[in-house]
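Visitor: I would like to go through this model feature by feature. Please give the general idea each time, and then the case at hand.

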Amino acid sequence: MKSPRIPTDWPLPALAFVLSAFGIAMVYSAGQTEMPSFIEGIWRIQLVWFLLGVSVAYGISRTSVRLLEWGSVWVYLGACALLLLLLFIGQGAGTAASTKSWLAIGGVRLGQPSELAKIAVVLMLARVLSAQRVAPTSLFGLWRPAAIVLVPWLLIMAQPDLGTGIVFLGIFFAMLFWSGVSWPLLVLAASPAISLILAFGPGVWGAWFFLLLGLLWWVRPAWLETSVLVGTNVASGVVAPLLWGQLNPYQQRRLLVFLDPSADPRASGYHLIQSQVAIGSGGFFGKGFTDGSQKRLAFVPEQYTDFIMAVVGEELGFLGVILSLGLFGMLLLRTVRIASRSSSPFASLVAFGLTAAWFTHVMVNVGMTVGLMPITGIPLPFFSYGGSFMLACWIAVGILVLVSAEGRGKADGLVI
Amino acid sequence: MSFHPNAVQERARVASALILAGFVLLLGTFFRTMVLQNARYVLASEENRLREIPLPAPRGIIYDRNSQVIAENLPGYSISLLARNEDTLRTTMDRIGAVVPVTPEQIGSAVRRYRRDRSRPTVLFGDASFELVSLLEERRVEFPGLIIQSAPKRHYPDGPAVSALVGYTGEISDAELSQEPFADYKAGQQVGKDGVERQYESRLRGREGVRFVEVDARGRVVRENAREDIPPDGPAPLYTNIDLDLQRYVAEIFGDSLIGAVVAMEPRSGEVLALHSAPTFDPNRFVGGIPQSYWDELQRDPRRPLYNKAIKGTYPPGSIFKLATAIAAMENGLVDIDDQMPVPCTGGYQYGNRYFRCWDKKGHGNVTLAEAIEHSCDVYFYQLGLKIGLQRLIAGGIRLGARARSGIDLPSEVRSLYPTDPPKKYYDARFGPRGWSNAVTLNLSIGQGENSQTVVNMARLYTALATDGFAARPEIVRGQAERTRLFSLSDAQLKGIQDALTNVVGRGTAAGSRLQGIAVAGKTGTAQNAQDAFADHAWFVGYAPAGEAKIVVAVMLEFGLHGSRAARIATKIMEKYLKARVVAMPVVEGE
């Protein structure tokens, strides 16, 4: 059957293509070290995944949003089932050797189902949120979207994979916002998590708690909701130190190092310091492609995955950083535009959810290389080495092209 | 309706603003890190990348007066390790131990050096043999961070013959590292430990060079010569006054059987021509760490080879100190060279209720001062000492430097022992107010009693006797000659004493040591040995040629029994020096 002619939103795949090419070049450079290792040749594998991703994206862009909407339930259920399965047969790899993030069959690692789960959650959330005629106005009204995120989130946190868990939270709150949930309600929904983070400073938590009480006074939710909110906030404020003890020592260290990188320079802080040294020594023009000494001499940790931005900074300098972040900025603004142009709430929510996922990835990953964010081991879209993530990113590109094709008005123009 | 286009547009604007804000935050942080703090991180990255490998500097070459080498540097190897931490160091040492024998002491000292200075490569083997180097070089890949480099190794061609004067070098000790003069020294470096090597450390020490190597995060050396080397700098050679031929000759005479010391000087300039202490040790074996067995052997040897008998040992001077008594008497105008004493020598002298023996039981009869010196008559000097009186006797001895150091340019010279002035206070403190009598005067007047002199100090005293009453400070390295007036006698008085000293060798106590064609002057001494009453120490201090002295030689033989034995050695040294000079005069000195 011949498909109808779909006007393609060319700037989007073009940006994704440039970013991928840039990324593969950086993966190649990351492999150029003084002591050759397996990293030397992985850019080829990345290239294969990229081509696979482009093909899949093309295939998806030839389907329809209706198909996506119909399939979202199955994709979501399938993703949850895979995540559940992982808890039994999952394997660790690389920096996350002690976790169960990888699906492997016959000893061959196929990929990280959590990458697929992000898209599945976006699709499922979009379906549920778009089905509601009015945006939820009470906390209890959020139970359905919350449950949709909670199930895979718990399964991923059980791997454990803190970084991906953070991305899920980003997707969740961004999509609630896009569906029209009011600001105060979003803050209230997020309040237990905020309490958890602020619990480490009792004074700060106290101030936050008074702020929360003021907000409750203003919003005046039902008394049951109010008491649940106060209860959960107090609980997380008090429970946080207990949870702290539950964290793995490496997670504790990473959080502590985020607060004070020089605390333990030879252990966890070492990663951050060496990344900063690599980036900082790059200067304005960088040391030249493949010539970063920090990278060549293996001072930069995980230079081909989580810390690939350190290679960009060291070798291409601030100009390279402007270029890469500029490309990401254009891509994200483009996808926001796609979301805003979409004629169906479902498609719009999907587009915005994918935008939120990418934005969270970029902020957390890039932020961590310069000490702006804790080290959570979350990859940079199109750049970091990783087959399933490259594939997931291009699936998202395919979906976005599809959404854009069915949107209102013309797709031209790079910014809104 | 939440998805009205206007509402969506509004949210899109908010979302875009948030995204832009996020990117501005990121870019701002990158700008701060990469542009504003660039210098700091460039430095940190260079520090990461480059390791400074010190290039050991050669020590200054030490020459004798005729440009013969006393100390030089041979090519050697040192093996060190760039260790990230103590565990790496220990495991690497263990793994090296599987290839070559490594003692626990070597591991211990490597760890100690590492703790002292973690930034420098830790020296594992300071003086590695060629076998060790080739074994490790073959397996270099197995030992990342291992640095094998050439390191100049100190060598003394004449080894044991020069150890007393040149000393030796060794690795700087922890104790030394914490001292102020070694403030800019690093653990593992070589430093002069004794002798000229220590005394002139600041002139002999070279300036270390630096080699820059590139290392990766595991400390593996990935590139040599990452930056241009700063070559090490050897200092200018050190020229000494030593006559190496004479020094060798002295060492040869002593061999391994005699115990004692020799100092030979040029009397006017104070140039030390030879300085020897026997038995000796091989300083070459100290380089790169003394083998424990050798160290134990030296420590156990009752003849104390490590003890420099020329500058650290004090011995009762005996008769060689009678000249001090003679000078004190003449300076006070109490006696002339031809004067006799009231009581002739009959082999002893009755003083109070004690009988003081002369060394010659047959007695010397009536002797003049000149004859008393010639035959070393104790009875004459007992009476002379009493005539001078204890106070003037001691004051005279002190003026002659009997309580002083010679000032030789060697470390830890010991001060000679002699009573202080006023003597009453000294003896009261020493023996109690009623514990002594004027009889101490008799002992002091013949160089016994509370008198213990270093060999070098006696050599200095005789430079004054050999010349004009001025003593020259002994100098191993050419410096500024310093002469100090010890006594002032008239020419006739001095001539009288010098003639008497010449007669000592001509026909007196050292008559057996006469030399063909060279008039030798000097004085024998046989000093009671506190350790062994039947094995006296033998002294001879003298000079030659008698008319115009070119060399002063002080010889002390532990358990030498009689001064005439020391005299034979001394005159042989003089002969060697003086006859060699006649033949080899035109040799250009130094420079």
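Predicted model: local features only at pLDDT ≥ 70, side-chain atom pairs only at ≥ 80, totals over all residues.

Visitor: Which residues touch the most other members of the largest nonpolar core?

Guide: In soluble globular proteins, nonpolar side chains tend to be buried together. A nonpolar core here is a set of buried Ala, Val, Leu, Ile, Met, Phe, Trp, Tyr and Cys residues joined through C-beta atoms within 7 Å. A residue is buried if 20 or more other C-beta atoms lie within 10 Å of its own, exposed if 12 or fewer, and partly exposed in between, with C-beta atoms placed from the backbone. The largest core has 153 residues, and A:Met175 and A:Val350 touch the most other members. A second, separate core has 120 residues, among them B:Val272, B:Ala310, B:Met330 and B:Ile551.

Visitor: With which residues is A:Met175 in contact, leaving aside its neighbours within four places in sequence?

Guide: Contact is taken as C-beta atoms, placed from the backbone, within 7 Å of each other. On that basis A:Met175 is in contact with A:Leu125, A:Ala126, A:Leu129, A:Leu349, A:Phe352, A:Gly353 and A:Ala356.

Visitor: Where does H3(A) bend?

Guide: Helices (H or I, at least four residues) and strands (E, at least two) are DSSP runs, numbered from the N terminus. The bend at a residue is the angle between axes fitted to the seven residues ending there and the seven starting there. H3(A) bends by about 45° at A:Gly71. Buried residues in H3(A) include A:Leu68, A:Tyr76 and A:Leu86.

Visitor: What is the strand order in the open sheet of three strands in chain B?

Guide: Two strands pair if DSSP finds at least two bridges between them. The order is E1-E8-E9, with antiparallel pairing. E1 (50-55) and E9 (221-230) of chain B each have a single partner strand, so one side of each is left without a neighbour in the sheet. The twist averages 30° from one strand to the next, with axes as lines fitted to C-alpha atoms (for helices, over the stretch in contact) and angles from 0 to 180 degrees between N-to-C directions. Four bridges join E8 (residues 209-215) of chain B to E9(B), and B:Glu214 stands opposite B:Arg223.

Visitor: Which residue of E4(B) stands opposite B:Ile79?

Guide: That residue is B:Phe125. E3 (residues 69-81) of chain B and E4(B) are antiparallel, with four bridges. Six of the seven residues of E4 (residues 122-128) of chain B are buried.

Visitor: Is B:Ser412 buried or exposed?

Guide: B:Ser412 is exposed, because 11 other C-beta atoms lie within 10 Å. Its phi is near 50°, a positive value in a residue other than glycine. A:Thr290 also has a positive phi, near 70°, but A:Thr290 counts as partly exposed, with 17 C-beta neighbours inside 10 Å.

Visitor: Which peptide bonds are cis?

Guide: Among them are the bond from B:Ala278 to B:Pro279, with omega near -5°, and the bond joining B:Ala544 and B:Pro545, with omega about -10°.

Notes
Residues numbered from 1 in each chain as written. Chains lettered and ligands numbered in written order. Contact = placed C-beta atoms within 7 Å.
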